[in-house]
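Subject: Structure for you to look at

Hello,

Here is the structure I promised to pass on. Please open it next to this email and follow along.

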Amino acid sequence: MQPRANSKYRLYEGGRKEKFGILLVKDYPERPPKSTRRLKWWVKPIYDYIGAGFSDETRDYRSVGIDTKYGLMDMDTRQLVLPMIYRYPLYFNDAGTAITWRDYKAGVINLQGEEIVPFIYDDVWYLTELVPAVHIDRNGEERPYQRHKRIGYIGYNIDGTRQGYDLEGHPRELTEEEAENISWKPDLYYPEYSHLTIEELEDIIRKEYTAWREMGGGETFSHVWRRKPNQAIDEQEHKIHQLLVDRRRRMNEVWVDNKKNADRIKRVNDLLMRAVRKVIQLGNRTAKDLKWMEKVPCTYYHDIRIFVYPQWTNSTSDWDYTPDPSLSKAKQREKLSDEEADCHNHIWNIIAAMGSGMKEDGVALCFYHDMEGRDAPLTVKEATLDDGQTWAEGIDLPVYQDVYMTYPFHLLFHDNYEYSLEDLARINDFRVRVEVGLETKEQDRRRR
């Protein structure tokens, strides 16, 4: 189902308390003004989420949500045609059906709310097949290709049971090829290590990481900005990345997507959002208190940046050495050096060091924002790219329906680092930091 070409509705974020509402294109042909105080809303801005529009050729619809509960609204009548009882946004396909969640189970419904596939599965996927198609490029030339055509659904449970359905919801048997594709798992880069325990694999990673550092790896200016790349260092770095990916894949394979583990992830996500709200509050307060820096005659540049870092047990993020008075100063220095080396060599810190995201003292960064040049206070919704929909890519299962994944958590789990779900579930807390920089000029020279 696609939006009608002459659809008269436009989604616009604004109004009260960072909610979503809808304005009419015919009333506001250009971009709506920044202030929405006196505007007449077609749909009042009371929703946490409004999805992309689609149509059944007669009416326009939008998926709407409040507090991670989703329903379907008819845009002409502004009435809910499906109540907000579903825990996943309603994306209807060309056949007029949508995969969604309810009561920690997945199923399929139609526009009338009728169950096409019953809500008895831990997950539901589309069944597809490759069919020939033709693409006409900008020069008008036909280019053949193969596209995925949806032919049905498959219900899946964590105990391994599966059931196929056609597009009308009739049960069907899975072909041998379909069953094989569903059971596919990514290959390990180093299958020769598959018989090792996770602890033994981590020991190998530590040795390879130590060798990489001794070769000069991790030195930003000598490694990234050098004119002639060091092939040996690059190959060693690539090997460590592959070993970390293998570790993550193996650990996630044994991770059980049940309510207990979902609650563990929710706890970490809630702790993270508490830290994000705190650091935004501190950042806004700091920016307000230091507004005077803009008026200092010799000020060349000033900035305020806010950070959030995860804390694990036995990592440098919460490492604190306590001196032992019974030992000599030489022994204390030796113990301090050994403990600090062990902390920096912890697997979580190696993952942070090898990740593509920012880090500080070997600790991964999961939230960062530069508050320079802001006229209005920074909001949580703006800072976390919150569009009313969870960032649960790779962990979007009904058992996590109570977990509203945030973008900062997404950065740790999906984009920048190779942490497994078990690694993230063990996070103890998050620490925040506000950094203020002031650069002045004096006699054509800058000081910071």
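Bear in mind that the model is predicted. Four strands form an open sheet, in the order β12-β13-β14-β15, and their pairing is antiparallel. Two of them are edge strands, β12 and β15 (171–172), and each of these pairs on one side only. In general, the strands of a sheet pair through backbone hydrogen bonds, either parallel or antiparallel.

Now take the pairs in turn.

β12 with β13. Strand β12 covers residues 123–136 and strand β13 covers residues 142–156. The two are antiparallel and share 14 bridges. You can trace some of the partners yourself. Pro 132 sits opposite Gln 146 of β13. Ala 133 has Tyr 145 of β13 as its bridge partner. His 135 faces Arg 143, also in β13. The two strands make a hairpin with five residues between them. Look there for Gly 140, which has a positive phi near 85°.

β13 with β14. Strand β14 spans residues 162–166. Five bridges join β14 to β13, and the two run antiparallel. One partner to check is Gly 152, which is bridged to Asp 166 in β14. These strands form a hairpin too, with five residues between them. In its turn, Gly 160 has a positive phi of about 100°.

Most residues other than glycine have a negative phi. Which phi does Asp 67 have, positive or negative? Asp 67 is not a glycine, yet its phi is positive, at about 55°. Asp 67 lies in the loop between β6 (60–66) and β7 (69–74). Its relative accessibility is 55%, so Asp 67 counts as exposed, the cut-off being over 50%.

Tyr 104 is another such case. Its phi is positive, about 65°, although Tyr 104 is not a glycine. Find Tyr 104 in the loop between β9 (97–102) and β10 (105–110). Tyr 104 is partly exposed, because its relative accessible area is 31%, which falls between the cut-offs of 20% and 50%.

Now the helices. Helix α4 runs over residues 231–254, which makes 24 residues. From first C-alpha to last, α4 reaches 35 Å. That is close to the 34 Å expected at 1.5 Å a residue. Several of its residues are buried, among them Ile 233, Ile 240, Leu 243, Leu 244, Val 245 and Met 251.

How do α2 and α4 lie relative to each other, roughly parallel or roughly antiparallel? Helix α2 covers residues 198–214. The axes of α2 and α4 come within 10 Å and cross at roughly 160°. That angle is over 145 degrees, so the two helices are roughly antiparallel. The crossing of α2 past α4 is left-handed. On the α2 side, the contact includes Ile 198, Leu 201, Ile 205, Tyr 209 and Trp 212. On the α4 side, it includes Ile 233, Ile 240, Leu 244, Arg 247 and Met 251.

Best wishes

Notes
Residues are numbered from 1 along each chain as its sequence is written. This is a predicted model: local features need pLDDT of at least 70, side-chain atom pairs count only at pLDDT 80 or more; totals for chains, interfaces and linings use all residues. Side-chain values use heavy atoms; hydrogens and water are left out. Two strands pair if DSSP finds at least two bridges between them. The expected span of a helix is 1.5 Å times one less than its number of residues. Buried means under 20% relative accessible area, exposed over 50%, partly exposed in between (1.4 Å probe, protein chains only). Axes are lines fitted to C-alpha atoms, for helices over the stretch in contact, and angles run from 0 to 180 degrees between N-to-C directions. Angles under 35 degrees count as roughly parallel, over 145 as roughly antiparallel, 65 to 115 as roughly perpendicular and the rest as oblique. A crossing is left-handed if the near helix is turned anticlockwise from the far one by less than a right angle, and right-handed if clockwise. Contact means heavy atoms within 4.5 Å.
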